[in-house]
Amino acid sequence: MVKTFAMLAVLLGCSSAWATDEGTDKDTLAERIAPVGQVCIEGKPCAAATAAAAVTAPAASASTATRTPEQLVQQVCSGCHGSGVMGAPKIGDKADWAPRIAKGMDTLLNHALNGFNNKMPPRGTCTTCTDDEIKAAIQYMTDKSR
Ligand code: HEC
């Protein structure tokens with residue numbers, strides 16, 4: 001209890017110091033003295049949710065901005081094509097890819113864009129990927145698997 005009072009006194013001391021601080025802008029002051037643990041109320045944005053959104057936002061925009069075929073393959077395709085999930089041809093596995101490569105790029109691209117055999121999802125689930133990006137990703141995977 002004594003400790004709590006001591007902390008309160010310190011906090012109050014600090015905030016009044018800020019309040020009298022010349023040039024302290026009111027908004028920053030409000031931010032500084034805002035309660036640390038804010039309660040999340042359903043339907044209202046809460047501090048933790050906003051923080052989480054702020055953390056995930058850059059990652060999301062990074063994946064839609066310029067990415068190299070290698071990054072795209074690593075972020076999207078290798079989820080299945082890395083280990084061969086559901087029989088996906090594995091990156092680097094010549095035997096897996098030889099019969100696919102033999103179909104020609106047009107067919108592979110068509111299957112990658114529209115999905116194939118109910119196993120390869122359209123665009124490999126990358127809804128923000130352009131046709132060219134998908135093509136470059138296929139090129140990257142097949143180049144690694146010849
Ligand atoms: C959810 C898992 C999954 C993801 C993610 C995925 N693939 Fe596939 N992909 C598969 C599977 C499974 C097959 C094999 C389907 C079959 O032959 O039955 C396949 C097959 C392919 C083929 C060969 C098609 C053919 O005609 O033989 C290409 C090309 C391909 N994927 C490209 C991609 C690209 C490019 C990406 C990333 C943008 C990607 N895939 C992401 C599961 C996936």
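**A walk through the helices**

Arginine 67 counts as buried, because 20 C-beta neighbours lie inside 10 Å. The rule is simple: a residue is buried if 20 or more other C-beta atoms lie within 10 Å of its own, exposed if 12 or fewer, and partly exposed in between, with C-beta atoms placed from the backbone. This is a predicted model, in which local features need pLDDT of at least 70, side-chain atom pairs count only at pLDDT 80 or more, and totals for chains, interfaces and linings use all residues. Residues are numbered from 1 along each chain as its sequence is written.

Where does arginine 67 sit? Arginine 67 is in the loop between helix 3 (47-64) and helix 4. Its C-alpha atom is 8.8 Å from that of glutamate 133, although the two are 66 residues apart along the chain.

Now step back to the whole chain. The protein chain has 7 helices and 0 strands. Helices (H or I, at least four residues) and strands (E, at least two) are DSSP runs, numbered from the N terminus. Of the 146 residues in the protein chain, 16% count as buried. Take the contacts between residues at least 6 apart in sequence: 50% of them join residues at least 24 apart. Two residues are in contact if their C-beta atoms, placed from the backbone, lie within 7 Å.

Next come the helix pairs. Two packed helices are described by the angle between their axes and the distance between the axes. Axes are lines fitted to C-alpha atoms, for helices over the stretch in contact, and angles run from 0 to 180 degrees between N-to-C directions.

Helix 4 and helix 7 pack at about 75°, with axes 9 Å apart. Helix 4 is therefore roughly perpendicular to helix 7. Angles under 35 degrees count as roughly parallel, over 145 as roughly antiparallel, 65 to 115 as roughly perpendicular and the rest as oblique. Helix 4 brings Pro69, Glu70, Leu72, Val73, Cys77 and His81 to the contact, and helix 7 brings Glu133, Ala136, Ala137, Gln139, Tyr140 and Met141. By class, this contact of helix 4 with helix 7 has 8 nonpolar, 2 polar and 2 charged residues. Here Ala, Val, Leu, Ile, Met, Phe, Trp, Tyr, Cys and Pro count as nonpolar, Asp, Glu, Lys and Arg as charged, and the others, Gly among them, as polar.

Helix 6 and helix 7 pack at about 120°, with axes 10 Å apart. Helix 6 and helix 7 are therefore oblique to each other. In helix 6, Met105, Leu108, Leu109, Ala112 and Leu113 meet Asp131, Ile134, Lys135 and Ile138 of helix 7. The contact of helix 6 with helix 7 has 7 nonpolar, no polar and 2 charged residues.

Two loop residues deserve a look. Methionine 86 lies in the loop between helix 4 and helix 5 (94-101). Its phi is near 55°, a positive value in a residue other than glycine. Methionine 86 is exposed, because it has 9 other C-beta atoms within 10 Å. Asparagine 118 lies in the loop between helix 6 and helix 7. Its phi is near 60°, again positive in a residue other than glycine.

Finally, the ligand. Which residues come nearest to the ligand? Of the 27 residues around the ligand, they are Cys77, Cys80, Asn117, Met120 and Gly124. A residue is near a molecule if its C-beta atom, placed from the backbone, lies within 6 Å of it. Helix 4 gives the most to this shell, with 5 residues.
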